[in-house]
Amino acid sequence: MTSSDIANNTSGFKTGLTWDLTPYEQQRKPHELLHDEELLISPKSLQSELTCPICLDLLRNTRTTKECLHRFCCDCIETALRSGNKECPTCRKKLISKRCLRRDQNIDALISKLFPVRNDNDDLILTNRSKYSKKPIRASLSSDDEHHTKDKKKKRISESSSSAGSIPTINDIELQLKPMNNQHLFTTRKILTPLNASINHLSKFINTRMKLEQQNSSYIEQEFQWFINLNDDIPIENTLTLERLLEQYWNNMPKPYNIFYRSISH
């Protein structure tokens, strides 16, 4: 476009210019205006937005990727980056370093409003840690007291190793993920996960753990089918939650509950 073309533009602005939209701007859609004074939203309807795809728990100290806008716990995504997984665990878009992440304070504030009990538990843990860290350590112990203390410590370690890794609550469920058809590539995994997690979350968990353990950037993400019993032919629906499975199948069974999976060959 020449200078005469600009001069002939009566509006006074340059014409014919282009604007490159970011992926976020390309997907943006205007929201409808809300005219109600109050808006009621069920926490279950937001579980997919408030759940970390790596640990399958509520987001904690949320970090959002700048490119694809997927959210993760700060510790989870930074651990993945340190282990050599330089891509988004959800969409596999390249992540060079922690600079590709930004803090999402709005999601953290929303979670603190929807789940105030969790914040109370976190505050209690931090208070107890600071309280006991300030207590002086006894200078010496008798031989009998020392043996008794060691026995108690061994007992706590054995009990914690036999559990799923943390203290279960009424909103958590203990599972054993067992591979089917002698698939030696996969191993039995014992996890503790929220009841609102779905079968899709279990598949994402297996893929994420496999990639982290293999430390192989060329790892191909697998698709899985899940079954209640080892001899079942019809898989479970991927959108079904663990809470529904507990009500239908595991209500009167001992913990941890077994669920079987197999990889779908392409």
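Buried means under 20% relative accessible area, exposed means over 50%, and partly exposed falls in between, using a 1.4 Å probe and protein chains only.

Ground rules. This is a predicted model, so local features need pLDDT of at least 70, side-chain atom pairs count only at pLDDT 80 or more, and totals for chains, interfaces and linings use all residues. Residues are numbered from 1 along each chain as its sequence is written, and side-chain values use heavy atoms, with hydrogens and water left out.

Cysteines next. How many disulfides are there, taking a disulfide as a pair of cysteine sulfur atoms within 2.5 Å? The count is zero. Take C52. Its closest cysteine sulfur is in C55, 3.8 Å away, which is too far for a bond. C52 is buried, at 0% relative accessible area. C73 is in no disulfide either; the sulfur of C55 is its nearest, at 3.9 Å. C73 is buried too, at 5%.

Now the packing. A nonpolar core here is a set of buried Ala, Val, Leu, Ile, Met, Phe, Trp, Tyr and Cys residues joined through side-chain atoms within 4.5 Å. The largest has 24 residues, and L175, L177, L202, I206, W226 and I259 have the most contacts inside it. β4 (172-179), α8 (199-214), β6 (224-227), α9 (242-250) and β7 (257-263) each supply at least two residues of this core. α8 gives the most, with five.

Terms used
Helix = DSSP H or I, 4+ residues; strand = E, 2+ residues; numbered from the N terminus. Disulfide = S-S within 2.5 Å.
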